[in-house]
Amino acid sequence: MHIVIVNRWPRFSDGVRWDNELTRYEEFIDHDAHQVSYVVDPLGAEGVLADPAKIAAQVQVDDVNDFEALRDAVAEITERVGPVDQLVALSEFTLEIAARVRRDLGIPGPTPDEVAVYRDKVRMKEILALKGVRVPRFGGCETPEAAVEFARATGYPVILKPVDGAASIGVHRVEDEQALRELLPTLDLSRYEIEEFVTGRIFHIDGYADDHAEIPFQVVSRYVNDCLAFGLGAPLGSVVVQHSELRERIEAFSRECVAALGIRTTPFHLEVFVTPADELVFLEIGGRVGGSEVPHLLNKLFGVNLFEVWLRAVGGEPTGITAKSGDPSGGWLCVPKPADLPARVTKAVSQRASVPTIWRELLPPVGEVLQPGGSYDALHSGRFILLGDDESRVEADIHRIIDTFEFEATRI
């Protein structure tokens with residue numbers, strides 16, 4: 001089998017950063033049994049650690065998320081090595097682009113229509129609504145007037161978001177019609193949807209959907225704050241939920257959503273509202289491993305590396321995944337960079353002494369210059385992973401860090 005891997009993530013060898021340490025392509029795909037090639041960008045080249053003698057071909061482009069650049073790179077590899085049997089992309093931002101490349105070059109694997117159920121936020125809600133799953137009321141933004149009419153009928157606030165976005169990039173909460181009319185001309189409305197604002201707690205469910213759209217493994221977590229607030233400068237975290245009647249309902253809801261969408265042979269990251277009336281409402285789903293510290297926490301708590309499961313499935317190997325054992329808890333917290341960047345760090349105080357549930361802590365050293373850009377796994381003001389036997393204790397410790405963490409930086 002000829003497998004082409006698209007990689008845009010670096011891996012670190014300093015013993016401090018743990019980002020992407022679980023994406024060990026050289027370990028999880030047999031480079032002796034298969035021909036394995038890579039398409040990378042400059043950062044992604046730092047994440048390919050396989051023996052160069054075992055790499056069939058490697059092509060570097062400026063941006064793997066540039067459709068034409070990726071297509072041309074895969075075509076070049078095909079000419080040099082031979083037909084491609086699998087084109088693998090693990091990043092949320094590359095899934096749809098890789099599907100288009102498969103279609104153009106006749107490569108087997110998920111098609112654009114199949115990927116759309118976990119990339120297109122309108123398509124996923126359309127399918128689920130037809131299946132009777134409660135979703136937010138939503139509509140397209142074909143014209144400014146269509147968006148305004150939707151908001152009048154639904155009531156404010158409303159949410160505008162890119163149909164193919166991730167990490168809350170480009171998401172807006174709009175409070176009234178004047179604000180909506182001012183915002184709409186600044187957006188590419190062909191890429192946006194509008195939906196009702198749903199009040200409630202937000203949970204995320206991370207697991208794996210097998211070849212039959214069934215879920216052998218999933219973990220329910222509850223957000224501390226939310227992703228939209230993170231983009232505005234608030235800390236973001238979550239805590240793993242232990243056994244309860246609510247967790248059982250959320251797990252059943254997760255199985256219903258995955259089955260209705262026909263999501264197969266991929267990890268998933270599902271987000272769900274639980275309203276004050278205890279109603280479960282679908283928010284969105286991604287066909288990929290959860291971001292930030294999620295994969296690291298789940299691997300530590302349950303011994304399941306979702307990247308490994310995914311890559312072994314790609315190579316035709318048994319995933320070995322089973323239902324989780326035990327009922328531990330844990331959590332994570334990301335304190336974002338300051339708003340005014342670049343900034344030089346002048347103070348970042350470790351929380352380990354006062355919060356013993358901390359397993360991992362990443363603080364920028366004094367003197368480090370924090371730059372704009374990056375997602376949840378960038379070098380932020382502070383990142384923490386916590387372990388514990390009690391969900392409430394873990395959540396209390398997350399709030400303790402939020403309340404007491406000492407960090408200072410000076411704009412430069």
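## A walk through the helices, sheets and cores

Helices here are DSSP runs of H or I with at least four residues and strands are runs of E with at least two, both numbered from the N terminus. This is a predicted model, so local features need pLDDT of at least 70 and side-chain atom pairs count only at pLDDT 80 or more, while totals for chains, interfaces and linings use all residues. Residues are numbered from 1 along each chain as its sequence is written, and side-chain values use heavy atoms, with hydrogens and water left out.

Back to α4 itself. Its buried residues are Leu 95, Ile 97, Ala 98, Ala 99, Val 101 and Arg 102; buried means under 20% relative accessible area with a 1.4 Å probe and protein chains only, exposed means over 50%, and partly exposed is in between. These buried residues pack against α3 (67-81), β4 (86-89), α5 (112-116) and α12, where contact means heavy atoms within 4.5 Å. Arg 100 lies over the face of Phe 67, at 4.0 Å from the ring centre. To count, NZ of Lys or CZ of Arg has to be within 6 Å of the ring centre and within 35 degrees of the ring normal.

On to the rings. The structure holds five aromatic pairs, and two of them are set out below. Rings of Phe, Tyr and Trp (the six-membered one) pair if their centres lie within 6.5 Å; planes under 30 degrees apart are stacked, over 60 edge-to-face, and the rest tilted.

| Pair | Centre distance | Plane angle | Type |
|---|---|---|---|
| Trp 9 and Phe 307 | 6.0 Å | 80 degrees | edge-to-face |
| Phe 384 and Phe 405 | 5.6 Å | 85 degrees | edge-to-face |

Trp 9 sits in the loop between β1 (2-7) and α1 (25-28), and Phe 307 in helix α12 (residues 306-314), so this pair ties together parts that are 298 residues apart in sequence. Both Trp 9 and Phe 307 are buried. Phe 384 belongs to strand β18 (residues 382-388) and Phe 405 to the loop between α13 (391-404) and β19 (407-411), so that pair links parts 21 residues apart in sequence. Phe 384 counts as buried at 0% relative accessibility, and Phe 405 is buried with a relative accessible area of 14%. Together with Phe 407, Phe 384 and Phe 405 form one aromatic cluster.

What about the cores? A nonpolar core is a set of buried Ala, Val, Leu, Ile, Met, Phe, Trp, Tyr and Cys residues joined through side-chain atoms within 4.5 Å. The largest has 84 residues, and Tyr 38, Phe 282 and Ile 285 touch the most other members. Helix α10 (residues 245-261) gives this core its largest share, seven residues. Leaving aside neighbours within four places in sequence, Phe 282 has contacts including Met 124, Leu 128, Val 135, Phe 253, Cys 257 and Phe 273. There's also a second, separate core of 19 residues, with Val 4, Val 61, Ala 89 and Ile 97 among them.

Now the strands, which pair if DSSP finds at least two bridges between them. Strand β9 (residues 201-209) is mostly covered, as eight of its nine residues are buried. β9 pairs with strand β12 (residues 266-274) in the antiparallel sense over nine bridges, and Arg 201 has Val 274 in β12 as its bridge partner. Six bridges also join β9 to strand β10 (residues 217-224), again antiparallel, with Ile 205 opposite Val 220 in β10.

Four strands make an open antiparallel sheet in the order β5-β8-β6-β7. At its edges stand β5 (138-140) and β7 (172-174), each with a single partner strand, so one side of each is left without a neighbour in the sheet. Three bridges join β5 to strand β8 (residues 192-196) in the antiparallel sense, and Gly 139 has Ile 194 in β8 as its bridge partner. Two helices lie across β5, β6 and β8: helix α6 (residues 121-130) runs at about 45 degrees to β8, and helix α7 (residues 144-154) at about 10 degrees to β8. Axes are lines fitted to C-alpha atoms, for helices over the stretch in contact, and angles run from 0 to 180 degrees between N-to-C directions.
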